[in-house]
Amino acid sequence: KKDSVLSFFFTRSLAPHSRPPASCSTMTTVAKKKRDTKGNDGKARRKKIYQQIIVAISSTASFLVVLHFIGILPRNDNSNVGLRVGRQARLEALRKIGQQKKSVASQGHHEGGRKHGLLPMREALMDPNYDPVARALAQQILAADTNLIEIESEPNLIKDDSYHGIVAVFCPLNFAAQKAKPPELPMFRDVVSASNCEGKHRIRVDFKEAVELAREFDIDAAEQNDETAPKILELKGVVFHESRCGSTLAANSMMALNPVTNRVYSESSPPISALRGCGEDYSECSLAGAANLLKDVVYMMGRSNDPKEENLFFKFQSVTTRTMDTFRTAFPSTPWIFLYREPVQVMMSQLDIPKISRANCVRSKSSSSLVRASVLKQGYRMEDMDSEEFCAIHLATLCEAAVRNLEEADGLGLAVKYHPDLVHTFLDGVFPNHFHLLVDQVGRDRVLKVSGTYSKNRGRHAEGDFKSDSEEKEREASQEIRDASNQFLLPSFEALEQSSYNIKKVQ
């Protein structure tokens, strides 16, 4: 149909021009005949010529309109229907990826074709005369050969049902190194650092544009059964945690269970920007807006160019527990766990630094609206609280949020308490029964091997063999830590212990 329509308009638009140009020989002939006939029909002939010109202009305009609507010419509006790359163009872009990888690897620093530091993906893909390096970079994003590592967002950019102006940063990540030795690259920042993602190797694009193109591309590729297209990994499980309670062991274990099929993001940057993008109390934008942004972030991070990968996992930063509602709104059927620990032990681990006022749990007093609200609710003034008390209140807000979400999730969430043999809780309970993963003997052996390495030392075995220090922490805790723990943190800890959705009661 497209060919027949184009042929029709192409013929009509060119038909008037098959005659000699009116500007030269035709006008000479008209003038001669005018003299011969003494002007008897000059007006009629001029009128006919004008009509022919109008027909030619009208046909050309109609031709351009048809090209515009069928997608050959780009549109200038910002609607969801317009500005789409044609199916064949996207598929052709994907097929050319393998041929262009070599040149892009050496030219990733090229800034040609970028506007204000952003790569205009649509323009680069649609314009045949566009900078070829920029086009190849856009194709890399479509093909999932480069990965989302950061988003730059502000609350005023997020609306209830959409967002705009958010910048996304992409870089090809070295997942192979993480899969080979999880304890050496336990955190997302370690993977980024090992992937040479500094400065000019980063690709910056408009996030919404990238998401729309990727989703359209993936749908078209699926309809065409294109085996070279990116694979969309299934989100199998998520880890929330109080911090210092075995969450990194959980992430490493999920990776080691089956490195070939599993992709694990451990405290990655993009999700926390979405989870906390509207503020802890959603006073800066709505829960729905934050959830929509998170869905797109996880979608882009779950696109894989490795056909062997199948499963996707996230371990989020501990502070995201206070905005767990965002996750549950975005992914209402995805199972998750919350890891927690004995109050004195977790506080000792948090405050085990030379200057406790710089501990993460203490610094939240100046950044968390929920911590300030909790202090005031209990009848205290901010200036009256010491560092140990701030730390206990910070941890309590995490546990309180977890308790509420456990009840509301009605079984999709599980409370899991830290203990020295936590790895077996993962292997025998969380992985097979909650995340619905196959735990075979080979995978079990890999996990047990990884669990014996202390990831905080990045896998250096000489000083990195894991040893439980729970008893030592209890023994060495100061009276200030014990008092703050008992007063502020113990109630939420006990609520987790008594929850119907504690793994001890579910198993």
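Which residue forms a salt bridge with Glu 342, and how far apart are the closest N and O atoms? The structure examined here is a predicted model, in which local features need pLDDT of at least 70 and side-chain atom pairs count only at pLDDT 80 or more, while totals for chains, interfaces and linings use all residues. Residues are numbered from 1 along each chain as its sequence is written, and side-chain values use heavy atoms, with hydrogens and water left out.

The partner of Glu 342 is Lys 417, with the closest N and O atoms 2.8 Å apart, where a salt bridge is defined as a side-chain nitrogen of Lys or Arg within 4 Å of a carboxyl oxygen of Asp or Glu.

In total, the structure holds 24 salt bridges. Side chains of opposite charge can pair when their charged atoms come close. One of these salt bridges is formed by the side chains of Glu 212 and Arg 122, at 2.6 Å from N to O, and this pair links distant parts of the chain, with Glu 212 in helix 10 (residues 207-223) and Arg 122 in helix 6 (residues 121-126), 90 residues apart. Glu 212 is partly exposed at 24% relative accessibility, whereas Arg 122 is buried at 8%. A further salt bridge joins Lys 473 to Asp 469, with the closest N and O atoms 3.1 Å apart. Salt bridges that share partners also join Arg 122, Lys 208, Glu 209 and Glu 212 into one network.

Three disulfides were counted, each being a pair of cysteine sulfur atoms within 2.5 Å. Cys 171 is joined to Cys 197 with an S to S distance of 1.9 Å, and because the torsion about their S-S bond is about -90 degrees, this disulfide is left-handed. Both Cys 171 and Cys 197 are buried. Another disulfide joins Cys 278 to Cys 285, at 1.8 Å from S to S. The sulfur atoms of Cys 361 and Cys 391 are 2.2 Å apart in a further disulfide, which links distant parts of the chain, as Cys 361 is in helix 16 (residues 360-363) and Cys 391 in helix 18 (residues 387-409), 30 residues apart. By contrast, the sulfur of Cys 245 is 8.5 Å from the closest cysteine sulfur, that of Cys 399, which is too far for a bond.

The largest nonpolar core has 97 residues, and those with the most contacts inside it are Phe 207, Met 300, Phe 327 and Met 347; such a core is a set of buried Ala, Val, Leu, Ile, Met, Phe, Trp, Tyr and Cys residues joined through side-chain atoms within 4.5 Å. Its largest share, twelve residues, comes from helix 18. A second, separate core of 26 residues includes Val 264, Leu 427, Val 430 and Phe 431.

Notes: Buried < 20%, exposed > 50% of the residue type's maximum accessible area, 1.4 Å probe, protein only. Helix = DSSP H or I, 4+ residues; strand = E, 2+ residues; numbered from the N terminus.
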